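Trainee: I would like to learn how to read helix packing and pockets. Please show me the model.

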Amino acid sequence: MTMHLDVKSLAALDNYFGRLVSTSRIPGWTAIVARHGEIEYTSSGGLANVAEGRPMRTDSIFKSFSLSKPITSVAFMTLVEQGLVGLNDPVAEYIPSFARSRVYRDGWVVDPVTEGLVEPVRIWHLLTHTSGLGYGFHHTHPVDHLYIEAGYGWGSPEGVGLAEAVDHWAELPLRFQPGTGWNYGLSTDVLGRVIEVVSGKSFGEFLRETLFEPLGLRDTAFHVPASAKDRYAAMYTPGPDGIELVAPMSAYPTEDPILLSGGGGLYTTAEDYTKFLGLLANDGRIGSDQLISPMTVESMRTNHLPGDAVLGSFPSLLGVPAITDAMPAAGFGLGFLVMKSPGQSHVLTRAGEYSWLSAGSANFLVDPSTGVSAIVVPQIFPSRVLPMFSRLRQFVYQAYRW
């Protein structure tokens, strides 16, 4: 039987997010549900900037944080398709400093005990977050504190570019031997540097030529033009009297920063990101152009964890608590969370769905069995404040009809 979306039932999404706005739990939201890239439902409400009274819209520009990662991963895979890099290649072939990387074993931050690599950090380790790289802001491991001491907490030291930062990260201990654990971290930022080395272009230029221009992403970049500042959505967090502005996360550059972060530096809109999701839902095709191979998309949404493991089997799950409930049922592909056993997740979802989410609670899903994609942008930090990941799925999947 043919599946279709009951658009009227998607009003449940408006009702839910509208209640969150009216009770001062989020500032506003925007959401788009599409099928094979064709928009079937849009939803917006509340404010993009409370103080200025600007409404949230589908073309409101927001910092994508970790929704940058899937874009970087897809762009990287075009180099794999050209044979310019292989998934099993050691990262040190492109970034020599990784040949000297060591792994944390024990000890205090002031004098950690490390050991050598059992096997090199490989490209697929970066794409799957099994490299041992982390984020300083997790505050869950001695290595995190080493990141912070080096200036890599939320951000990087002033004046440090991507190439220099990547060499710094290679010098810091890895959390674990590559391929033996899963930890959300700077792996995708390292991919951005590999792109520069392999392509001979700046990371921003490569993304623009490879994805942004072919897909018509007019508002996706590493900065927000001054001419578009009235469309920028600020970030908020819960406070004692409702929600409060997170000033540092609401700031934005009007020109590209020195460090172009493929893991969290892009600004975009729900409209632009829906075009990107349409590329995935259409197996790498946009219009009559095949930007990436259907087999590449299939591989990216296939679990690549060793032994076909699920994330719940790894000890290093900290840093993404908003999807902890889904961990026992999900694997990880080449840039995406991949749902394996929906019944074990206790989330309304489907086997084969792939997705990700951001620190600002924006998250998306793609259901390859139907070509349905969806994104919601609530602008509330951190992502664990409200169950946005599970709620988006509830609203989308309850609208399926046969």
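This is a predicted model: local features need pLDDT of at least 70, side-chain atom pairs count only at pLDDT 80 or more; totals for chains, interfaces and linings use all residues.

Mentor: Residues are numbered from 1 along each chain as its sequence is written, and side-chain values use heavy atoms, with hydrogens and water left out.

Trainee: At what angle do α1 and α12 pack?

Mentor: Helices (H or I, at least four residues) and strands (E, at least two) are DSSP runs, numbered from the N terminus. Axes are lines fitted to C-alpha atoms, for helices over the stretch in contact, and angles run from 0 to 180 degrees between N-to-C directions. Here α1 (residues 11-22) meets α12 (residues 388-397) at about 150°, with axes 9 Å apart. That angle makes α1 roughly antiparallel to α12. The classes are: under 35 degrees roughly parallel, over 145 roughly antiparallel, 65 to 115 roughly perpendicular, the rest oblique.

Trainee: Which residues of α1 and α12 meet?

Mentor: Contact means heavy atoms within 4.5 Å. From α1 come A12, L13, Y16, F17 and L20; from α12 come M388, R391, L392 and F395. By class, this contact has 8 nonpolar, no polar and 1 charged. Ala, Val, Leu, Ile, Met, Phe, Trp, Tyr, Cys and Pro count as nonpolar, Asp, Glu, Lys and Arg as charged, and the others, Gly among them, as polar.

Trainee: How do α2 and α9 pack?

Mentor: The angle between α2 (residues 68-81) and α9 is about 45°, and their axes are 12 Å apart. So α2 is oblique to α9. P70, I71 and V74 of α2 touch Y273, F276, L279 and L280 of α9. That contact is 7 nonpolar, no polar and no charged.

Trainee: What is the volume of the largest pocket?

Mentor: On a 1 Å grid over the protein atoms alone, a pocket is an open set of points where a 1.4 Å probe fits, with protein on both sides within 12 Å along at least five of seven lines; lining residues have an atom within 4 Å of a point. The largest pocket has about 1100 Å³. Its lining counts 47 residues, with K63, F65, W154, G155 and G264 nearest the centre. They split into 27 nonpolar, 15 polar and 5 charged.

Trainee: Which element gives the largest share of the second largest pocket's lining?

Mentor: Helix α9, with 6 residues. This pocket has a volume of about 220 Å³ and 17 lining residues. The lining holds 4 nonpolar, 6 polar and 7 charged residues.

Note on methods
Grid points are joined across faces, edges and corners, and a volume is the space filled by probe spheres set on the points.
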